[in-house]
Amino acid sequence: MARAVLQISPEAVVANWRALDAASDARTETAATIKADAYGLGSARIAPALAAAGARSFFVAIAEEGAMLRRILGEGPAIHVYGGHMPGDAEAIAQAGLIPMLNSIEQLTRQFESLPGHPFGIQLDTGMNRLGMEPADWAAVAELVLDQRPALIMSHLACADEPDHAMNARQLRLFHTMTDGAGVPRSLAATGGTLMGAAYHFDMTRPGIGLYGGRPFEDANPVVRLTLPVIQTRDVEPGESVGYGNAFVAEAPMRVATVSAGYADGVLRALSGKPTLWHGDTPCPLVGRVSMDLLTIDVTALAEPPEALELLGPHQGIDVLADLAGTIGYEILTALGPRYARHYA
Ligand SMILES: *Cc1c(COP(=O)(O)O)cnc(C)c1O
């Protein structure tokens, strides 16, 4: 079998959710952000595990994801949609009982005209300039909207992965100014904000990446392990090259293993020549370029040709790989491709 195995631990996700839940006091509900199919790890397995552990509210990016999540979770849990209410979403919102986080006066109008009386939330922009109503828009409609009793008012922090960044306090102040006295549940914190302390917690936190073992939740339990089968092993003489573009040239006699995974599987091509794969506790450097389906690994340090090598696991987490590729753990996770055999345990 040349199929790589991606092991995903719903138990570790649950442990991370419990740890983030413990970071805020009992009055703050800890929701779960599981957009993009639970950051690529499979909401069909992750969401029920979180619900069984006590998570009552979930967040997705678009209504279609919300409808799919409703089929997975059944009646009960609240499902919020960050993208709000787009044209054509009314039926999905009504049938799946979704809570659109309305982003603009246009979306408010769409919601009130097509689904009067249906639960909704409000998303405010406190400086990120990505989604949400700006202070002037909100001031114009707040009274009318609050009469309709929104389920939740939220905003999003732009720099929560840098706790000392002045932007955090600025957004916190503006969120207070825009929502104090509204008498409606409020949420400001994702993973970063959850770790920044009680001032950021309000009534609900909604972590994503921390559940899946990524920064800025440094103490997170690792959730994924990726094991790649070796297809072929060969000896390479000094002066011989390995892979596309002759990008690697052997300086000494060495042994090279070719493993089954490449950039089509989310092993970003920017990782060419950079990471180490592991055989037990022995590091085996990746040499040459990342191909679409294959990687070439220096296994000279091993006594026997290996059957498989590990790319993600206890020795190398998603953020180590992300740093090497010049990206973030979120992208490493959501890039993990459809070719892996996914084992949940
Ligand atoms: C993705 C997202 C989250 C979760 O963020 P993490 O950094 O993964 O915890 C929360 N709120 C909004 C608006 C988001 O887009």
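Let's start with two helices, α3 (residues 43-53) and α4 (residues 63-73). Their axes come within 9 Å and cross at roughly 60°. That makes α3 oblique to α4. Angles under 35 degrees count as roughly parallel, over 145 as roughly antiparallel, 65 to 115 as roughly perpendicular, and the rest as oblique. An axis here is a line fitted to C-alpha atoms, for helices over the stretch in contact, and the angles run from 0 to 180 degrees between N-to-C directions. Helices (H or I, at least four residues) and strands (E, at least two) are DSSP runs, numbered from the N terminus.

A word on the source. This is a predicted model, where local features need pLDDT of at least 70, side-chain atom pairs count only at pLDDT 80 or more, and totals for chains, interfaces and linings use all residues. Residues are numbered from 1 along each chain as its sequence is written, and side-chain values use heavy atoms, with hydrogens and water left out.

Back to the pair. α3 passes α4 in a right-handed crossing. Right-handed means the near helix is turned clockwise from the far one by less than a right angle; anticlockwise is left-handed. Who makes the contact? From α3, it is S43, A44, A47, P48 and A51; from α4, L69, I72 and L73. Contact means heavy atoms within 4.5 Å. By class, that is seven nonpolar, one polar and no charged. For the classes, Ala, Val, Leu, Ile, Met, Phe, Trp, Tyr, Cys and Pro are nonpolar, Asp, Glu, Lys and Arg are charged, and the others, Gly among them, are polar.

Helix α3 also meets α1 (residues 10-22). These axes come within 9 Å and cross at roughly 45°. So α1 and α3 are oblique to each other. Again the crossing is right-handed. α1 brings P10, V13, V14, W17 and R18, and α3 brings R45, I46, A49, L50 and A53. The residues of this contact divide into eight nonpolar, no polar and two charged.

Next pair: α6 (residues 105-114) and α7 (residues 135-147). How do they lie, parallel or antiparallel? The axes come within 11 Å and cross at roughly 20°. They are therefore roughly parallel. α6 passes α7 in a left-handed crossing. I105, L108 and F112 of α6 meet D137, V141, L144 and V145 of α7. That contact has six nonpolar residues, no polar and one charged.

Now for the spaces. Everything is done on a 1 Å grid over the protein atoms alone: a cavity is a set of points where a 1.4 Å probe fits but cannot get out, a pocket is an open set with protein on both sides within 12 Å along at least five of seven lines, and lining residues have an atom within 4 Å of a point. Points are joined across faces, edges and corners, and a volume is the space filled by probe spheres set on them.

How many cavities of 30 Å³ or more does the structure hold? Two.

L226, G266, V267, L271, L311, L321, I332 and L336 line it. Seven are nonpolar, one is polar and none is charged.

Then the largest pocket, at about 760 Å³. It is lined by 32 residues, and H156, L157, A190, I209 and Y330 lie nearest its centre. Helices α2 (35-39), α9 (191-195) and α11 (329-335) each supply at least two residues of that lining. By class, the lining has 16 nonpolar, nine polar and seven charged residues.

Two backbone details to finish. A36 sits in helix α2. Its phi is near 50°, a positive value in a residue other than glycine. And where is P216? In the loop between β10 (204-205) and β11 (224-236). A cis peptide bond joins R215 and P216, with omega about 10°.
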